[in-house]
Amino acid sequence: MIAEGIRKAFRTASGEEAVLQGVSFALAPTDHVAILGASGSGKTTLLRILAGLERADAGRISLDDDDITDWPPERRRVVYMPQDALLFPHLSALENVLFPLRVQGISDADARERARPLMARLGLDAHAGKRPDALSGGQRQRVAFGRAILASPRVLLLDEPFGALDHAARSEMQSVFLDVVVEQSLATLFVTHDPGEALRIGTRWGHLAAGVLHLFHDREAFVTADRTGIPQERSFWASI
Amino acid sequence: MKRILSVVMALFPVVLLMGLTVSWVDGWPTLARWSVLGQSGIPVQEGLWTSAGVALVVAAISTILGAGTARAMQASRWRSVLMPLAWLPWAVSPVIAGILFMVVYLRAGIDGTVLSVMLAHLVFSGAYAVVLMDGFWRRDVARLEETGRTLGASGSHLFAHVLWPAMRRPLMLVFAQTFLISWFQYGVTLLVGAGRVQTLPVLVFGFVGEANVYLAAMASLLLVIPPMLLLWVTRNEWTT
Amino acid sequence: MRRGLASVLFPALFVMLVVVPIVVGVFVAVRYAFGWASVTEDGFTLAIWTRVLLQPDIWWSLAWSAVMSLAAVGASTALAFAALITKLDTRWVALLMAVPGTVAAFLVFHFGGAWLVKDPWGAGILVAHVLILAPFLTVLFTQAAQAVGLRALQDAARMCGATGRTTHRLVTWPVLWHRLRFHLLLLGIAFAGSFEIPLLLGRSWPEAVSVLAYNRFSRFSLETRPEAFVIVLVYMVLVGLLFAMAWRKTRTERA
């Protein structure tokens, strides 16, 4: 995926507020780009534009040589996972996971057969028949993740999907995520406000602030850049 | 285009009814027929005041009853009994209920009075108010009350500074809706009013039976326009 | 007022004003229906019941009322769903909730002509019912869509590859149905008991059940009044059973 010059502004009571100011990057097929950014930095807007859920004011997005700037979401095969799992309340965990297969017209029996191994992989076997309101936060995120995988995305966009989980669940989810995306050879763009998570998940790193994306050429550059807040945090822990 | 279609749909009953009350003088439409409202012996005016008076009293009592009962039910062990009872009048046809009440009121000697009509309306409005307020209380107000109490507020202070501000909007909505339930009641009013309590819905039917289209249309407009204004004023509560 | 007193007083008032009238009314109806209070019968008897239940009138009325109600709720649901997905301006549509059954019946009566007044298919009844129910359901659907975050769920479906139509089929409608089925059933029950619209627009046979009960009650005949109570009790038992079934099945949605 290549994004070039993405710009977006929102109209507010006091005029126009620029949320994204010429964001550009290139994502290779097996890249896992972790973007660090505080609240209000434009992370969610960027991901929603890449997924086709919002339109940019300017810029171009291409994927595998296709210009997908004006493509609707259902055509892009770019799946966006927000922090809220957004499971369909009327479907069970298993039905949520195999939803993309139903959309593709695959028969119920075949879809269940394809979904079962992934359900086992994600530790959801025992919860297959439960409705979303009977699942814990971590379980809901796994269901959302399983659903995203079965949609056969070319790119997976994750918007702080583990942000609402406790430390243990978060750690477990990060491991599961890493295993599955490597296995599926998926390109991912992952936004977080947690530097530790960014370092654990990412193979490349960026920092988004005030609508401007800064990409680091390597891990060392990322952890030593003042703008990320990582050096300050390291100093804090070192002083204890 | 959608806005125009919505407006046309909303106003066409009023336009049709207005058309029925219009008289033509020298090719021009006039509202001359409306002058009958000022004449004595025409029951439309009395019907308007009767409907308004009954609906206002019923709405006021229902709102207080709904608020108090909903709050009392929150921690009550009788909740599982009271809540189904609150829903039950919804399922009983007003005319069916009117038949049941009529015999009781006959024996009590209050049949054919405004009191009997109010008591009958209260069965439906009161139950509806309890259901509505229960929803509001559980969703919005209960947690605010808990927070206020943990901060040391109690009694009149809790009511004045926590409960009342939180309940104002729901109370207004409940009042408006229970007013409309009573305002529109026909079947039960016809029965327990024994033809002596002439509310606007009873008059509309009466005029239709007499083939008096003009008065039926006028009474219909008086029946429809005040609620329309009420719905418009409170539209932000109903819609996105 | 101390919470302790209010927590007893208000439920007591609720029971007194809402529950007791219905309970007392049912008690009186039972007395009439079984001959204890009837002027023409001499104590307990099942004669009134056999008289009513062996006539086809009550069964045709119940069936007719059920069909009328299903058609009204079905048609109104379809219109409300269409209004939701085409994003009609709900603020204006909501104004139609100000039109009660009485006025809807009058409008159809005056403008409907032979097609819609006392027609054999109940088309006029259907039109009048839809006129009052569709706007209410449109507002209800809009509120439900907001409450469940339907827009976000639709986005999630689109990212799984679902087109607009597929999204509405697999997500929009099932989510709304899951959330509102108890309300739709209650509305169905309420409209089966509809009175003023079938009174003005319906034929003399079959009558809607509420019209049948009213006519039996209002005739100046001591024989037909107890029959009205039998009809009322049969209706309430059927409605009560449906209500109880729906209440149990939809416990989670009402939480």
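In the hairpin formed by E4(A) and E5(A), two residues lie between the strands, and A:Asp64 adopts a positive phi near 50°. The model described here is a predicted one.

Four strands of chain A make up an open sheet, ordered E2-E1-E4-E5, with antiparallel pairing. Its edges are strand E2 (15-26) and strand E5 (66-67) of chain A, each of which pairs on one side only. Further into the sheet, strand E1 (residues 2-12) and strand E4 (residues 58-63) of chain A are joined by four bridges, again in the antiparallel sense. Across this pairing, A:Arg7 stands opposite A:Ala58 in E4(A), while A:Glu4 stands opposite A:Arg60 in E4(A). The sheet also carries a helix: H1 (residues 43-51) of chain A packs on it and touches E1, E2 and E4 of chain A. The direction of this helix makes about 120° with that of E1(A).

Helix H8 (residues 150-159) and helix H9 (residues 164-192) of chain C pack with their axes 10 Å apart, at an angle of about 155°. H8(C) is therefore roughly antiparallel to H9(C), and the crossing of the two is right-handed. On the H8(C) side, the contact is made by C:Leu150, C:Leu153, C:Gln154, C:Ala157 and C:Arg158. H9(C) meets them with C:Thr167, C:Leu170, C:Val171, C:Thr172 and C:Val175. By class, the residues of this contact comprise six nonpolar, three polar and one charged.

The contacts between chains complete the picture. Between chain A and chain C, 17 residues from chain A and 17 residues from chain C take part. On the chain A side, the elements giving two or more residues are helix H2 (73-76), strand E6 (78-81) and helix H4 (99-103). H4(A) provides the largest share of that side, with four residues. The side of chain A that touches chain C divides into 12 nonpolar, two polar and three charged residues.

Chain B and chain C meet through 60 residues from chain B and 60 residues from chain C. Several helices of chain B each supply at least two residues to the side that touches chain C, including helix H1 (2-21), helix H2 (43-73), helix H3 (79-91) and helix H5 (114-150). Helix H4 (94-108), helix H8 (200-209), helix H9 (213-233) and helix H10 (235-238) of chain B likewise each supply at least two. The residues on this side of chain B are 47 nonpolar, 10 polar and three charged.

B:Val8 is located in helix H1 of chain B, and it counts as exposed because it has 11 C-beta neighbours inside 10 Å, where the cut-off for an exposed residue is 12 or fewer. B:Val8 and B:Leu223 are separated by 215 residues in sequence, and their C-alpha atoms are 20 Å apart in space.

Key: Residues numbered from 1 in each chain as written. Chains lettered and ligands numbered in written order. Predicted model: local features only at pLDDT ≥ 70, side-chain atom pairs only at ≥ 80, totals over all residues. Axes fitted to C-alpha atoms, helices over the stretch in contact; angles between N-to-C directions. Parallel < 35°, antiparallel > 145°, perpendicular 65-115°, else oblique. Left-handed = near helix turned anticlockwise from the far one by under 90°. Contact = placed C-beta atoms within 7 Å. Nonpolar A, V, L, I, M, F, W, Y, C, P; charged D, E, K, R; others polar. Pairing = 2+ DSSP bridges. Buried ≥ 20, exposed ≤ 12 C-beta atoms within 10 Å, placed from the backbone.
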